[in-house]
Amino acid sequence: MIEELRKYQSELEIQNKALRYSQQEAEGASERFATLFSSVPLALMVVDEVGLVLASNAMALRLFQPLESDPPLNFLLPFVGPEHADEVAVALSSARQEGTSEVSEVQFLAGAESTFTGDLHIARIENPSDELAHFICAIIDQGPLLTQRHALLESAAVLRQRNEDLLLSENRMAAIINSSLDAILCIDESHLITVFNPAATALFECPADQAFGARLGQFLPDVEAALVQGHLPTQAMLGEFTATTLAGKQIFVEISVSMERRLRTRPAFRPGENGAAAPRGPTGGQGSVTTIFARDLTAKKLAEAQRVALETQLRESQKMQAMGTMAGGIAHDFNNILSAILGNVGLAKQDTPEDAAALVSLLEIEKAGQRARDLVRQILTFSRNEPPKRLPIQLTEVIHETQRLVRVAIPPGVDFRLVIPEQCPPVLADATQVEQALLNLCTNAILALGGNKGSVTVELGHTTLSLPFNDRIGVPPGRYVTLRVRDSGSGMSQETIERIFEPFFTTRPVGQGTGLGLAVVHGIMKTHLGGIDVQSAPNEGSVFTLYFPASGQAAAEAEESEPVAVVEGRGKHVMYVDDDQALVFLVNRVLSRKGFRVTTYTDPLEAEAALRSQPGSFDLLVTDYNMPGYSGLDLLRDAKAIRPDLPVALASGYVTPEIEQRALQEGASALIYKPNDVNELCETVQRLITQPDQP
């Protein structure tokens with residue numbers, strides 16, 4: 001038994017040791033908990049389920065009772081803001097049932113005058129000796145975190161607004177780029193295209209997908225070379241360059257550039273379907289972006305070319321007008337000379353016996369003078385701008401009349417031929433204009449030979465046109481008279497044929513052609529409701545065919561020359577006024593021989609004074625139209641004022657419809673075209689004296 005007691009005592013001692021050890025451990029844990037509870041950097045409180053604060057650490061006191069005068073921390077709920085009191089009470093109830101609970105961002109009262117925000121974490125503590133549940137409450141001050149959170153939220157809002165503004169700016173920029181009338185291209189530092197707007201697509205005739213990633217030199221090689229050389233300012237106007245489309249066509253553009261240095265490069269901009277800026281991919285390293293603005297100068301160049309062409313046409317038109325004016329001025333003096341020559345030849349023929357050897361020379365002089373007269377008339381006809389007087393005529397007569405002018409200019413070695421059928425329908429035409437057209441074609445044919453030997457053939461014929469040929473030359477189907485000019489010259493290419501009827505287009509060197517000849521021919525055929533066809537090839541000659549609509553009217557027969565009437569002046573008094581002394585001398589001799597009494601003046605003012613002093617002594621006044629200082633119209637007007645019934649005739653070598661109309665309005669009885677032969681002048685004078693009222 002003693003052994004058992006000893007054994008039991010040993011066990012009791014062991015249990016006591018264990019109990020003392022446990023007590024020591026419990027006391028150590030309690031001390032450690034107290035130390036942790038008091039020194040942890042969190043506000044900790046032990047409260048019961050009604051909110052009574054059983055214990056609180058220094059951090060809790062610092063938060064809830066910053067001043068000694070502040071209310072003591074006895075109950076938790078009075079220190080909870082009114083808006084969160086119910087929420088905290090519910091959290092305590094929930095922690096009693098579930099063990100834990102928490103409430104975020106609770107507003108607490110820090111003493112009597114301040115507040116703070118914190119997160120409340122609640123955990124239930126086992127308390128078997130008391131019916132009331134105990135809780136440990138940890139309060140984490142969220143003030144600094146909330147400040148940072150608010151700052152982050154504000155920064156996020158600012159960043160979000162900036163992103164929205166950036167997106168809006170990019171969309172606006174995309175709209176501007178897409179709607180720009182100028183081509184806009186952006187290239188990276190490797191000169192690869194990253195932006196290609198719709199205007200660039202239209203200008204360079206290249207889809208945007210094919211342009212992205214291509215080198216700038218594919219479209220603007222000279223601009224790329226200028227950029228490679230460098231030394232350009234940030235903003236630069238480079239001027240005019242030649243660009244190349246995708247198909248290789250050359251166009252003219254005006255280039256300006258803007259260069260931008262970026263810290264980070266961005267991928268190529270490709271607008272979305274709605275035109276908004278597409279999102280960009282990840283950024284790369286440093287780089288530069290060059291924006292190129294290309295303005296299409298095609299319309300400007302075309303307008304400039306048209307302006308130059310119009311100015312050239314204006315100069316040529318003014319030159320032609322000046323030539324016509326000069327021709328009219330020359331005709332006055334030259335016709336006076338021809339009148340004197342032909343008149344004196346006529347008088348010399350009258351004084352020369354028929355068997356005299358000199359008569360042959362006089363006849364040759366008269367023929368040469370008549371050819372010169374016809375040539376001057378032809379030149380003056382070309383310098384006028386008269387509407388066509390279309391009458392039924394035979395083109396045979398026109399061909400023979402034109403031949404006389406052409407043969408004068410035919411160089412040696414050129415064989416000029418006429419092929420004229422015996423019968424050919426008449427046409428409604430203005431003989432003068434047809435002569436002009438034929439003369440232009442013959443002149444071109446002679447020039448096409450270039451001084452070499454060859455032939456020029458004028459052929460007259462008639463044919464019937466039908467589809468599709470009549471449509472090709474722009475005339476309705478029907479019967480036509482053809483006037484064809486064929487040469488064996490150098491011929492023309494198809495490109496030249498397509499432009500030969502353009503005004504002022506010429507293939508001849510400067511100074512050897514105005515480019516108006518074929519344009520005039522084309523215009524004449526249009527006014528005659530006809531057409532023109534051209535067949536030519538290089539080194540194979542040319543054939544120009546004029547198509548005149550055949551007329552059902554009979555051609556007017558040439559009036560038979562009436563026998564020369566016997567002119568008897570019978571002392572009738574004629575006043576003749578002309579500033580050319582030779583012509584005055586001739587007319588005086590001619591009319592005096594026919595029995596007229598002639599008074600001549602070279603000064604129209606002296607003639608007007610003589611008429612005013614003796615108005616009834618004259619039977620007829622013949623005055624030149626063109627006189628310096630005091631024209632024939634002025635003298636006509638004054639003569640009619642002095643003596644209204646006096647017959648007055650105007651003589652001129654340049655009679656236009658305007659001159660004729662003005663003369664008749666002023667009361668002229670007739671217009672005499674100079675130069676005329678002696679008999680014609682005498683007959684006109686006698687007719688005006690004997691029958692002054694007849695035209």
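Me: Which strands form a hairpin with Gly111 in the turn?
Reply: Two strands pair if DSSP finds at least two bridges between them. Strands (E, at least two residues) are DSSP runs, numbered from the N terminus. Here E3 and E4 make the hairpin, with three residues between them. Gly111 in the turn has a positive phi of about 80°. The model is predicted: local features need pLDDT of at least 70, side-chain atom pairs count only at pLDDT 80 or more, and totals for chains, interfaces and linings use all residues. Residues are numbered from 1 along each chain as its sequence is written, and side-chain values use heavy atoms, leaving out hydrogens and water.

Me: How many bridges join E3 to E4?
Reply: Nine, between residues 100-110 and 114-125, running antiparallel. Gln107 has Thr117 of E4 as its bridge partner. E4 also pairs with E5 (residues 134-141), antiparallel, over eight bridges. There, His121 partners Ala138 of E5.

Me: How do I read the pair Tyr480 and Tyr547?
Reply: A pair of aromatic rings is described by the distance of the centres and the angle of the planes. Rings of Phe, Tyr and Trp (its six-membered ring) pair with centres within 6.5 Å; planes under 30 degrees apart are stacked, over 60 edge-to-face, the rest tilted. The count is nine aromatic pairs. In one, Phe196 and Phe204 have centres 6.2 Å apart and planes at 35°, so that pair is tilted. For Tyr480 and Tyr547 the centres are 6.5 Å apart and the planes at 85°, so the pair is edge-to-face.

Me: Which parts does the tyrosine pair tie together?
Reply: Tyr480 lies in strand E15 and Tyr547 in strand E17, so the pair ties together parts 67 residues apart in sequence.

How values were computed. Helices (H or I, at least four residues) and strands (E, at least two) are DSSP runs, numbered from the N terminus.
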